[in-house]
Amino acid sequence: MMMSARPNKSLERQVDSVMRDTRFDWLRTRRSRIALVALMIVVLVANAAAWLLIPLAGIVFVLIGAVVWWALRMSVRVVADLPEEYLDERQNQVRDRAYVDAYRWFAAVTLVAATAGLVLFIIFSTDDQWTVTLSYGGLMAAFWTFEGLALALPSMALALRERGE
Amino acid sequence: MGRKPKSEEPVYSRLEELRAAKGLSRNELADEVGVHYQTIGYLERGEYSPSLSLALRIAALLEVPVEQLFSLTPFTKTEGTR
């Protein structure tokens, strides 16, 4: 007996709506996409700083980051986040290339962070021991930075690769 | 002998001319062959090389041989007006 995949009609309608959307064409110019990528970077940095300095302010930047992330995804028609069956052959190709870029950038950030941790350990450790006190703000700064990068990097890479519409 | 980078292998297209001759908009052609209208734009500008399947579907819809639609060498004026 053949098992057929049950199509997700609701998702199909949403995808169709995004692909045919013209209300947000102003987000899809080359200049707007570059501006959104720059804004996303600023928000990620500001978010980390806010959590470290004034933890409640970090919540505000998380909300701002969510809005910027939405705008970034709309600027590339959510291509970076859709399953391949909802994309045409060209969109699949650019999405795959964007993921290669996003992986390389994420790996670079992780490598820098891990190396910085290693260097700090070497500098501050005594008898191969270094006790670090992690505050709630520090934990949130690290969490939201890596969470934000993991979620936003594919769309950022796609926004920089694609020509404006 | 190494592989040529893909950027050095352009695919020339008469898609815009033949699409207009059929009276089809980008959106209409895109819907008929199952791609996004933006992809049609990329094909017309020669910025994207279609798969064989897509090239054949477009050629069948426009009722032309696929080699009159896409080429590895620039189309001559006579080919364009034939």
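Predicted model: local features only at pLDDT ≥ 70, side-chain atom pairs only at ≥ 80, totals over all residues.
Let me begin with the interface. Eleven residues from chain A and 14 residues from chain B take part in the contact, and together the two chains bury about 1200 Å², of which 37% lies on carbon and sulfur atoms. On the side of chain A, 52% of the area buried against chain B is supplied by E89(A), R90(A) and R163(A), more than any other three residues provide. Across this interface there are eleven residue pairs in polar contact. If we ask which elements of chain A give two or more residues to the side that touches chain B, they are α1, residues 9–20, and α4, residues 89–124. Of the elements of chain A, α4(A) gives the most to that side, with four residues.

In one of them the side chains of R20(A) and D31(B) meet, with N and O 3.2 Å apart. This pair crosses between the chains, running from helix α1 of chain A, which holds R20(A), to helix α2 of chain B, residues 26–33, which holds D31(B). R20(A) counts as partly exposed because its relative accessible area is 49%, and D31(B), at 47% relative accessibility, is likewise classed as partly exposed.

In the other, R163(A) pairs with E47(B), and here the closest N and O atoms are 3.0 Å apart. R163(A) sits in the segment after α5 of chain A, while E47(B) belongs to the loop between α3 (37–44) and α4 (52–62) of chain B, so that this pair also crosses between chains. The relative accessible area of R163(A) is 35%, and therefore R163(A) is partly exposed; for E47(B) the figure is 40%, which again means partly exposed. You will recall that R163(A) is also one of the three residues named for their share of the area that chain A buries against chain B.

Over all chains, a search of the whole structure finds 16 of them. One within chain A joins D25(A) to R77(A), whose closest N and O atoms lie 3.5 Å apart. These two residues come from distant parts of the chain, 52 residues apart, with D25(A) in the loop between α1 and α2 and R77(A) in the loop between α3 and α4 of chain A. Is each partner buried or exposed? D25(A) is partly exposed, because its relative accessible area is 28%, whereas R77(A) is buried, because its relative accessibility is 1%. Both residues belong to a network of salt bridges that links D21(A), R23(A), D25(A), R28(A) and R77(A).

Next, the nonpolar cores. The largest has 31 residues, and the members that touch the most other members are M19(A), L27(A), M40(A), L72(A), L82(A), M156(A) and L158(A). Two or more residues each come from α1, α2 (30–53), α3 (55–75), α4 and α5 of chain A, and the largest share, seven residues, comes from α5(A). M19(A) deserves a moment: setting aside neighbours within four places in sequence, its contacts include R77(A), L82(A) and Y86(A), and also H36(B) and Y37(B). There is also a second, separate core of 19 residues, and among its members are A30(B), L43(B), A59(B) and L62(B).

I will finish with two loop residues. E84(A) has its place in the loop between α3 and α4 of chain A, and E84(A) is exposed because its relative accessible area is 51%, where the cut-off for exposed is over 50%. Leaving aside neighbours within four places in sequence, E84(A) is in contact with N92(A) and R95(A). The C-alpha atoms of E84(A) and N47(A), 37 residues apart along the chain, are separated by 32 Å. Q129(A), for its part, is found in the loop between α4 and α5 of chain A, and Q129(A) counts as exposed because its relative accessibility is 56%. With sequence neighbours within four places again left aside, Q129(A) is in contact with F121(A) and F124(A).

Technical notes: Residues numbered from 1 in each chain as written. Chains lettered and ligands numbered in written order. Heavy atoms only, no water. Contact = heavy atoms within 4.5 Å. Buried area = accessible area lost by both parts, 1.4 Å probe. Polar contact = N/O pair within 3.5 Å; in protein donor to acceptor, adjacent residues only side chain to side chain. Buried < 20%, exposed > 50% of the residue type's maximum accessible area, 1.4 Å probe, protein only. Core = buried A, V, L, I, M, F, W, Y, C linked by side-chain atoms within 4.5 Å. Salt bridge = Lys/Arg side-chain N within 4 Å of Asp/Glu carboxyl O.
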